[in-house]
Amino acid sequence: GDLIGSGDSEVKGRSPLASACQAMASDPAAVKPAGVGIYFQEEDNLVYVSHLIKGGSGDRCGLIRRGDVVVAIDGEDMRAKGVDQLRNSVVGAEGSLVSISFSRSDPSSPGGAKQFSVDLVRRMAE
């Protein structure tokens with residue numbers, strides 16, 4: 001899979017599922033490009049989580065799992081967009097927030113899947 005920024009951060013969720021996450025965003029004026037510590041992979045026109053970097057923003061959240069499908073980034077629909085376009089949306093200024101919406105297979109949910117969003121702080125890998 002492709003690395004979409006490795007990082008070290010804390011997160012803030014916007015959905016009830018993500019409410020357990022906490023946020024500590026640093027100075028968003030930082031200009032170094034940084035990511036959220038998630039490897040993504042593309043298959044069948046879907047981009048999904050293939051790996052979480054231990055201690056990275058996505059890992060620290062505790063809500064993101066391998067196989068979760070990316071639905072949107074900062075409100076922009078990412079379905080049917082490639083991993084390169086997704087990477088450009090995830091990577092940004094170190095310390096800034098990026099909101100990522102995911103879909104996860106869940107037979108007990110309406111439509112067989114549940115969606116959730118998390119706000120992740122972009123951080124450089126340590």
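Contact here means heavy atoms within 4.5 Å. With that in hand, let's look at how this chain folds back on itself: among contacts between residues at least 6 apart in sequence, 65% join residues at least 24 apart. The model is predicted, so local features need pLDDT of at least 70 and side-chain atom pairs count only at pLDDT 80 or more, while totals for chains, interfaces and linings use all residues. Residues are numbered from 1 along each chain as its sequence is written, and side-chain values use heavy atoms, with hydrogens and water left out.

**Overall layout**

The protein has two helices and ten strands; these are DSSP runs numbered from the N terminus, with helices being H or I of at least four residues and strands being E of at least two. In sequence order the pattern reads β-β-β-β-β-α-β-β-α-β-β-β. Of the 126 residues, 48% count as buried, where buried means under 20% relative accessible area, exposed means over 50%, and partly exposed lies in between (1.4 Å probe, protein chains only). The protein exposes about 6500 Å², and carbon and sulfur atoms supply 48% of that area. These areas come from the Shrake-Rupley method with a 1.4 Å probe, and for residues only the protein chains shown count as cover.

**The nonpolar core**

A nonpolar core is a set of buried Ala, Val, Leu, Ile, Met, Phe, Trp, Tyr and Cys residues joined through side-chain atoms within 4.5 Å. The largest such core holds 21 residues, of which F40, I64, I100, F102 and L120 touch the most other members. At least two residues of this core come from each of β4 (38–43), β5, β6, α2 (83–90), β9 (97–105) and β10 (113–121).

**A cavity and its lining**

Rolling a probe the size of a water molecule over the atoms shows where empty space is left. On a 1 Å grid over the protein atoms alone, a cavity is a set of points where a 1.4 Å probe fits but cannot get out, and lining residues have an atom within 4 Å of a point. Grid points are joined across faces, edges and corners, and a volume is the space filled by probe spheres set on the points. The count comes to one cavity of 30 Å³ or more, and the largest cavity contains about 40 Å³ of space. Its lining is made up of N45, L46, V47, V69, V70, M78, R79, A80 and L86. β5 (46–52) and β6 (69–73) each supply at least two of the lining residues. By class, the lining has seven nonpolar, one polar and one charged residues; Ala, Val, Leu, Ile, Met, Phe, Trp, Tyr, Cys and Pro count as nonpolar, Asp, Glu, Lys and Arg as charged, and the others, Gly among them, as polar.

**Loops worth a look**

N45 sits in the loop between β4 and β5 and has a positive phi of about 65° although it is not a glycine. A80, in the loop between β7 (76–77) and α2, is another residue other than glycine with a positive phi, near 70°.

| Residue | Relative accessible area | Class |
|---|---|---|
| D44 | 67% | exposed |
| N45 | 57% | exposed |
| A80 | 63% | exposed |
| V36 | 0% | buried |
| S96 | 13% | buried |

V36 lies in the loop between β3 (33–34) and β4, and its C-alpha is separated by 9.5 Å from that of G92, 56 residues away along the chain. S96 is in the loop between β8 (92–93) and β9. Apart from neighbours within four places in sequence, S96 is in contact with L120, V121 and R122. S96 and R122 are 26 residues apart in sequence, with 5.6 Å between their C-alpha atoms.

Key: On a 1 Å grid over the protein atoms alone, a cavity is a set of points where a 1.4 Å probe fits but cannot get out, and a pocket is an open set with protein on both sides within 12 Å along at least five of seven lines; lining residues have an atom within 4 Å of a point.
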